[in-house]
Amino acid sequence: MNGAESLVHTLVANGIDVCFANPGTSEMHFVAALDRIPGIRCIPGMQENVVTGMADGYHRIARTPAATLLHCGPGLANGLANLHNARRAHSGILNIVGDHATYHNQYDPPLAADTAALAHTVSSWVRTSTSAENVGRDASVAIQAAKTSPGQIATLILPSDTAWTEGGITGQVLPVPAPGHVDQHTIIEIAKTLRNASNVMLLLGSGALRAEAQIHAAQIQAKTGCRIMTECFNGLHQRGRGRLPLLRVPFSPAPAIAALAEVEHLILAGAKAPVGFFAYPGMPSKHYPEGAQVQVLARLEQDAEAALRMLADELGCPPTAVMPTGERPAAPTGLPTSLAFGQMLAAVMPEDSIIVDEAISFATAFYDASHNAPPHDWMNVTGGAIGYGLPAATGAAVAGKGRRVICPQADGSGMYTLQALWTQARENLPVTTVILANRKYQILLGEYASVGASPGQTAMDMLDLGRPDLDWVKLANGMGVEAAKTTTLEACADLMRQSFRRDGPFVIELVI
């Protein structure tokens, strides 16, 4: 078999059964091998940032990597923004990037680029295969890296001659390292803090936001009275009735600093100590008090759930935890606000939904307003690179295998990757997208004020999405997705309920 065939056999043997793809000439032998060898579902995306965003959303739900197929250095470059988000979400992804034949690059053809250098900006592991005999082995190591806790981006660069040359060998299934173990000394020291100190906050992130981990966090809170919050942006947070109604550290500096002002001891479980998303004149970079003691219960690569369980045991917590069970809100009516939209979302979403949130400025209140929704998973854009929502929703729907995905999507960032709607239509995926159409980059108007500037007409023109207004019904229809427009919450709720009874995707343009 050739190198490409050995690569496909290695992927299948290692449990990689989905490939999000945007191939080109250099990848044709790999494409041919995917055609001949069963076992991998190939899902095309019409732009590479859609492809990488789909892989990110897939891992957050499936908790196992998918492959991407990208075309040379420029194709990888097109996908870097959502790989940046994926890295911040600790998503495991295997990028397969085709490249020129090993002997051809010396002639500097038009697509030649330093592909490895581009890959290193977002990848924990990068390798260029040098021969057909090495492709399968290299792929095995790449998969092992992608599956390593908490999830890593691995990039395998595949020169075209290593794909078409005979002599390929299927790679082995390599053992994946177990998540790091928290030592008992750390548990004992943090238990002392919780027993003896005041103004203690437990900050949860990453694996500590899984439902099972929250049970142990609730036990610790009930025993010690500590506060619990989450990071501002989380890759996946399991929420809803029967789970802790956790508040996030606010995005803006002043509210974040105020929320953490009384903290004297900060305990991190799968989280980082809060810092500003940006620097602002006269504001500190750290949002927690300078004198606060910071203790790490579990690093990102460690098992946060096990660490919380060990801590609960050390504290002598009761074996059960009482979770608050608030009443599910009724669907509000009238014109949309952030708070009312969150209540409406909680009122209508099906149980076990997946919420993919790229609402940006409109999201200020609806996260907290949806605590009493049915149990669901909530995904945020973790790296700040916009254009995440539609692709991540697509990948999450593939991984969800029938679960309803709801994507509150700002109109400006939605335009970055609206091609994902085409993939949703092609794959008939159960995604309900609510385009929050304010026809401006509202977040940047707020940022203007935060940095102490006053926008004039030229600045306002750069932040305006009108003249002409975007027509999301026509845009969605052009991608093969049915859509409707509304201005009221009651009509939006009705359209959402109708969409939940459908098998495929639906777009609602909600003018706000």
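Biologist: Hi! Which residues have the most contacts inside the largest nonpolar core, and how many residues does that core have?

Modeller: The largest nonpolar core has 51 residues, and those with the most contacts inside it are Phe20, Val356, Met379, Val405 and Leu421. A nonpolar core here is a set of buried Ala, Val, Leu, Ile, Met, Phe, Trp, Tyr and Cys residues joined through side-chain atoms within 4.5 Å. Buried means under 20% relative accessible area, exposed means over 50%, and partly exposed is in between (1.4 Å probe, protein chains only). This is a predicted model, where local features need pLDDT of at least 70 and side-chain atom pairs count only at pLDDT 80 or more, while totals for chains, interfaces and linings use all residues. Residues are numbered from 1 along each chain as its sequence is written, and side-chain values use heavy atoms, with hydrogens and water left out.

Biologist: What span does H12 reach?

Modeller: From its first C-alpha to its last, H12 reaches 16 Å with its 12 residues, close to the 16 Å expected at 1.5 Å a residue. The expected span is 1.5 Å times one less than the number of residues.

Biologist: What happens at the start of H12, and what follows it?

Modeller: At the start, a side-chain oxygen of Asp303 reaches to within 3.2 Å of the backbone nitrogen of Glu305. Gly316 follows H12, and its phi is positive, near 70 degrees.

Biologist: New topic: rings! How many aromatic pairs are there?

Modeller: The count comes to 10 aromatic pairs. Rings of Phe, Tyr and Trp (its six-membered ring) pair if their centres lie within 6.5 Å; planes under 30 degrees apart count as stacked, over 60 as edge-to-face and the rest as tilted. One of the pairs is Phe251 with Phe277, which is tilted, at 5.3 Å centre to centre and 55 degrees between the planes.

Biologist: Where do Phe251 and Phe277 lie?

Modeller: Phe251 is in the loop between strand S10 (247-248) and helix H11 (253-260), and Phe277 is in the loop between strand S11 (265-269) and strand S12 (293-298), so the pair ties together parts 26 residues apart in sequence. Phe277 also pairs with Phe278: the centres are 5.0 Å apart and the planes at 70 degrees, so that pair is edge-to-face. Phe251 is partly exposed at 24% relative accessibility, as are Phe277 at 34% and Phe278 at 44%.

Biologist: Which rings are linked into a cluster?

Modeller: Ring pairs link Phe341, Phe362, Phe366, Tyr367 and Trp378. Tyr367 also has Arg239 over its face, 3.9 Å from the ring centre, and the charged end of Arg248 sits over its ring, 3.6 Å from the centre. A charge sits over a ring if NZ of Lys or CZ of Arg is within 6 Å of the ring centre and within 35 degrees of the ring normal.

Biologist: Which peptide bond is cis?

Modeller: The one from Ser149 to Pro150, with omega near 5 degrees. Ser149 is found in the loop between helix H7 (132-147) and strand S6 (153-159), and counts as buried at 19% relative accessibility. The Ser149 side chain reaches the backbone oxygen of Glu301 at 3.2 Å.

Biologist: Last one: is Lys401 buried or exposed?

Modeller: Lys401 is exposed, with a relative accessible area of 76%. This residue is in the loop between H14 and strand S15 (405-410), and has a positive phi of about 50 degrees although it is not a glycine.

Terms used
Helix = DSSP H or I, 4+ residues; strand = E, 2+ residues; numbered from the N terminus. Polar contact = N/O pair within 3.5 Å; in protein donor to acceptor, adjacent residues only side chain to side chain.
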